[in-house]
Amino acid sequence: MTIGSTIIGDEQLAAVMRHMTDTASRKVMAAGSAKAAQFIAKRIKASIPSSHKGARRGIGWRRLKKSEARDGGAKAGVKVGKPSKAKIKERPPSQKGKGFGAQNAHWVFYGVGPKSIKSGQPRVTGKKGGPVRHTGGHKPFAPPARETAKRNKSAAMAIYKQAAAQALSNEVRKGKAF
């Protein structure tokens, strides 16, 4: 038995093993995070009242890039993910105001302060600028998305564990995990 002897290629083998564990762990964690983010996005959509169905289209999720989360991850919330053409469609000119669509879904969670506009008609007193017309505001219709995510944390973690275990078994079956 010799102490301190090295086998040729052991450093390369160790590097390959480190690379395999890094990529496998990233795939496993990304799969679990994606499933959990999908669940959280569904819960956030469910917290929005049905009268503001257009705002539900503004809720989404996406996987994080390697530069954003080295070990894989995902996020869910307002204006997250790729918008589809159905989300960005224009309002007909006959409908006045902005409305609660995908582009302003955050209004449902944060509310809007009191607003007012000036009409173009001159005042009775003869001064320029028109009378001020108050268009109102509103309070939030739904709890903040962060609160909804916190309330569903344990269910999201259970989904994360299940999806991560499934991804790990797939990686082991392929022979790429370790």
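Contact here means heavy atoms within 4.5 Å of each other. With that in hand, let us walk through this predicted model, beginning with the chain as a whole.

**Overall layout**

The chain folds into 5 helices and 4 strands. Read from the N terminus, the order of these elements is α-α-β-β-α-β-β-α-α. Of the 178 residues in the chain, 24% are buried. The accessible surface amounts to about 13,000 Å², and carbon and sulfur atoms account for 57% of that area. If you take the contacts between residues at least 6 apart in sequence, 58% of them link residues at least 24 apart.

**The nonpolar core**

The largest nonpolar core contains 14 residues. Those with the most contacts inside this core are Ile40, Ile44, Ile48, Ile59, Val108, Phe109 and Ala156. Helix 1 (10–47) and helix 3 each contribute at least two residues to the core, and helix 1 gives the most, with 5 residues.

Asn152 sits in the loop between helix 4 (145–151) and helix 5 (153–174). Which residues does Asn152 contact, leaving aside its neighbours within four places in sequence? They are Phe39, Ile40 and Arg43. Asn152 has a relative accessible area of 17%, so it counts as buried, the limit being under 20%.

Helix 5 itself has 22 residues, which should span 32 Å at 1.5 Å a residue; the end C-alpha atoms lie 31 Å apart, in agreement with that value. Its buried residues are Ala156, Ala163, Ala164, Ala167 and Glu171. These residues cover an arc of only 105 degrees around the axis, and therefore lie on the same side of helix 5. As a reminder, an α-helix has 3.6 residues a turn, so residues three or four places apart point the same way. On the other side of helix 5, Ser154, Lys161, Gln162 and Arg173 are exposed. Just after the helix comes Gly175, with a positive phi of about 85 degrees.

Arg62 belongs to strand 1 (residues 59–63). Not counting residues up to four places away in sequence, Arg62 touches Glu68, Ala74, Lys75, Val80 and Gly81. The C-alpha atoms of Arg62 and Ala34 are 7.3 Å apart, although 28 residues separate the two along the chain.

How many salt bridges does the structure hold? There is 1, and it joins Arg62 to Glu68, with the closest N and O atoms 3.0 Å apart. Side chains of opposite charge can pair when their charged atoms come close. Both partners count as partly exposed, Arg62 at 24% relative accessibility and Glu68 at 42%.

**A positive phi at Lys79**

Lys79 is part of the loop between strand 2 (74–78) and helix 3 (106–110). Lys79 has a positive phi of about 60 degrees although it is not a glycine. Most residues other than glycine have a negative phi. At 47% relative accessibility, Lys79 is partly exposed.

**Accessibility side by side**

The table gathers the values for the individual residues discussed above.

| Residue | Relative accessibility | Class |
|---|---|---|
| Asn152 | 17% | buried |
| Arg62 | 24% | partly exposed |
| Glu68 | 42% | partly exposed |
| Lys79 | 47% | partly exposed |

Conventions
Residues numbered from 1 in each chain as written. Predicted model: local features only at pLDDT ≥ 70, side-chain atom pairs only at ≥ 80, totals over all residues. Heavy atoms only, no water. Buried < 20%, exposed > 50% of the residue type's maximum accessible area, 1.4 Å probe, protein only. Salt bridge = Lys/Arg side-chain N within 4 Å of Asp/Glu carboxyl O. Core = buried A, V, L, I, M, F, W, Y, C linked by side-chain atoms within 4.5 Å. Areas by Shrake-Rupley, 256 points an atom, 1.4 Å probe, with all protein chains shown as cover. Expected span 1.5 Å × (residues − 1). Arc of directions from axis to C-beta.
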